[in-house]
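Here is a short tour of one protein, to read alongside its sequence and 3D view. Please keep both open as you go.

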Amino acid sequence: MRTNSAEEAVERGTVGGRARRDQIERSAAEVLADVGYAAATVARIAEHAGVSKGVITYHFASKDEILRRVALRLFEECEAHIAAHTSEASTPAERLRAGIHAELDFFAGRRVEFRAMAEVMANHRDADFARAFDTVSTAETDALTRLLNEGQATGEFRAFDAREVAHLISAAKNGVLDRWAEDDSVDLTIASATMLDFVERAVSAP
């Protein structure tokens, strides 16, 4: 005989359970983007989703779990999008351009989700009160540093401190996205093209 907790776990794993979790995560993202991390309470998420708080706590153990899932889901989807759009790029220069373009393109239709993710990344803390998603940024910088080093080894990129330039590229990319997320007048297509041109000129060997 299954226990109640076992039955609940099975139900949460059904198509209907996953659909409800998706609905809650989407509502959480919209609440985060609208009112910010501190004000994104379980009660407010439940009201926005049109469900009771009990439905929320049935599918998620805590507010932290919901908000963490909002960010993790976007990371996973973005990573898959970048991988699909860089698979045919062969040289370091091609992979650099394709990777930046793919990431900016991914978020172009996800303004609300990006704003929600930014709220979580800036505010979510782990049990030791450290920023819970710092490892994501570090991993991205590490990968970009390796790519720049590879480009320098092949002669495509000029001499520079690869790690420092990786930080600068990440900051520029995040700056473009932050400005676009907060200002409806910013054309992300134009901003992306300008940034790509800037980066290519900055790193390319003469």
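What follows moves from the overall fold to one pair of helices.

This is a predicted model, in which local features need pLDDT of at least 70, side-chain atom pairs count only at pLDDT 80 or more, and totals for chains, interfaces and linings use all residues. Residues are numbered from 1 along each chain as its sequence is written, and side-chain values use heavy atoms, with hydrogens and water left out.

The protein has 10 helices and zero strands, where helices are DSSP runs (H or I) of at least four residues and strands (E) of at least two, numbered from the N terminus. Of its 206 residues, 36% count as buried, meaning under 20% relative accessible area with a 1.4 Å probe, protein chains only (exposed is over 50%, partly exposed in between).

Helix α6 covers residues 92-108 and includes E94. With 40% relative accessibility, E94 counts as partly exposed. Its C-alpha lies 10.0 Å from that of G151, although E94 and G151 are 57 residues apart in sequence.

How do α6 and α10 (residues 188-203) meet, and at roughly what angle do their axes cross? Their axes come within 10 Å and cross at roughly 160 degrees, so the two helices are roughly antiparallel, a label for angles over 145 degrees. The residues in contact (heavy atoms within 4.5 Å) are these:

| Helix | Residues in the contact |
|---|---|
| α6 | L96, R97, I100, H101, L104, A108 |
| α10 | L188, S192, M195, L196, V199, E200, V203 |

By type, nine of these residues are nonpolar, two polar and two charged.

Note on methods:
Axes are lines fitted to C-alpha atoms, for helices over the stretch in contact, and angles run from 0 to 180 degrees between N-to-C directions. Angles under 35 degrees count as roughly parallel, over 145 as roughly antiparallel, 65 to 115 as roughly perpendicular and the rest as oblique. Ala, Val, Leu, Ile, Met, Phe, Trp, Tyr, Cys and Pro count as nonpolar, Asp, Glu, Lys and Arg as charged, and the others, Gly among them, as polar.
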